[in-house]
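Reader: I would like to learn how to read helices in a model like this one. Could you walk me through it?

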Amino acid sequence: MKILKYIILILILWGIDSFSFFVFGETIGGYVSHLTFILLLGYYFFARKRPVIIPLAILGVSYFIISGLTYIDNYEVYINEFIKYGILIICGAEVARDTSSKELILFLLIGAASVLIHSLFFADNYGRYSGFYLNPNGAAFVCLIGYCLTFNISNKTTKYLFTFIFTFAGILTFSRFFFLMWFLITLLSAISNKKNLQLFGIGIGTLALLISFATILQVNTTRFSLLIGLLNNNAQTERLTEDSRMSRWSTYYNDILDKPIFGNGYKSFSGIDNIKQGVHNTYLMVLGEAGIIPFLIIIGIYLYLIRKTIYGYKTNTDKLLLAISLSAILLTMHNYFNYYLILFITIWLFNRVSTNNSQENEITL
């Protein structure tokens, strides 16, 4: 079972299905995707059966049924995604329950290391690196989640080493979201333990290292120049923190107001036409596609995670920071129901906080 669990973790946490699709083509990528869910079903068959996570199940059922009754552009995609979501919520929950914090962070560390390998050995003119994840923003999410988990590593040397790897890999994605959330998470962690202020030193050190090796790594020149300007207190670097997402969200407001109760239908906010790129906000996507009921459910789920993790903030700092990060990540993506890595991490955290799991106050490595 352990070997089967590790294979599933590799497939989900490293995004191997999309990686296979890109490297080996559509056929192989499809086989790998199907294999992931076959293995999940197999794991569930042999695993100890525990209760389904009701809120996530209700979220999925309400979203797919309401949005599907309103509008469906592609029935095959709709049914396929609905089934896969159900398998992940039910069967993936057993894998998540059996995955320790140590195992989770180690697999995420390898995923982050793939970003470093990408930058060192497969440098390109784009200059934003993503490793296994193909999309730099997706790689940034992985680095951010891994960074949150480092706060409860017991061994200081290991903690700082992991912190450096996740931070440096995240910087190489040149994700503005990563920069902002890394700063916020580090600041919040210092409220729990003032010694965490030292982590800003690691951040500065990784930036200095990046500047030193910028030519070798062929970093993204536009974002790198803005970053250098920011360090030099250049007023023009406002552009580094500017984001077109709010203006993109605003293009969908009228559609939301037109049909706030039951939404506009499945994938209507996901950029399926050639006019709009997608809302890039999970909360607005759920509201716009399926209406107010699933919207309130998903808001409730992530508020629940934050509320539950606040109580153990001193001893389980990583859990609160992870809950905050997951809630923030949803502001930047509109493919929640088939973004299996984010769903899996949500399931993993939900299981920990709902069962008051106190056996992993520290990660021993």
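Author: Gladly! Helices (H or I, at least four residues) and strands (E, at least two) are DSSP runs, numbered from the N terminus. The expected span of a helix is 1.5 Å times one less than its number of residues. Helix 3 (residues 26-46) has 21 residues and reaches 31 Å from its first C-alpha to its last, close to the expected 30 Å. One caution: this is a predicted model, where local features need pLDDT of at least 70 and side-chain atom pairs count only at pLDDT 80 or more, while totals for chains, interfaces and linings use all residues. Residues are numbered from 1 along each chain as its sequence is written, and side-chain values use heavy atoms, leaving out hydrogens and water.

Reader: What does the whole protein chain come to in helices and strands?

Author: The secondary structure comes to 19 helices and 0 strands. Of the 365 residues, 54% count as buried, meaning under 20% relative accessible area with a 1.4 Å probe, protein chains only (exposed is over 50%, partly exposed in between).

Reader: Which residues of helix 3 are buried?

Author: Start with the general idea: an α-helix has 3.6 residues a turn, so residues three or four places apart point the same way. In helix 3 the buried residues are Gly 29, Val 32, Ser 33, Thr 36, Phe 37, Leu 39, Leu 40 and Tyr 43. They lie on the same side of helix 3 because they cover an arc of only 150° around the axis, taken from the directions from the helix axis to the C-beta atoms. Thr 27, Tyr 31, Ile 38, Phe 45 and Phe 46 are exposed on the face turned away from that buried side.

Reader: What covers the buried residues of helix 3?

Author: The cover includes helix 1 (2-13), helix 2 (16-24), helix 5 (75-97) and helix 19 (340-354). Take Gly 29, which counts as buried because its relative accessibility is 4%. Leaving aside neighbours within four places in sequence, Gly 29 is in contact (heavy atoms within 4.5 Å) with Asp 17, Ser 20 and Phe 21.

Reader: How do the axes of helix 16 and helix 17 cross?

Author: Two packed helices are described by the angle between their axes and the distance between the axes. The axes of helix 16 (residues 282-290) and helix 17 (residues 292-311) come within 7 Å and cross at roughly 155°. Therefore helix 16 is roughly antiparallel to helix 17, a label for angles over 145 degrees.

Notes. Axes are lines fitted to C-alpha atoms, for helices over the stretch in contact, and angles run from 0 to 180 degrees between N-to-C directions. Angles under 35 degrees count as roughly parallel, over 145 as roughly antiparallel, 65 to 115 as roughly perpendicular and the rest as oblique.
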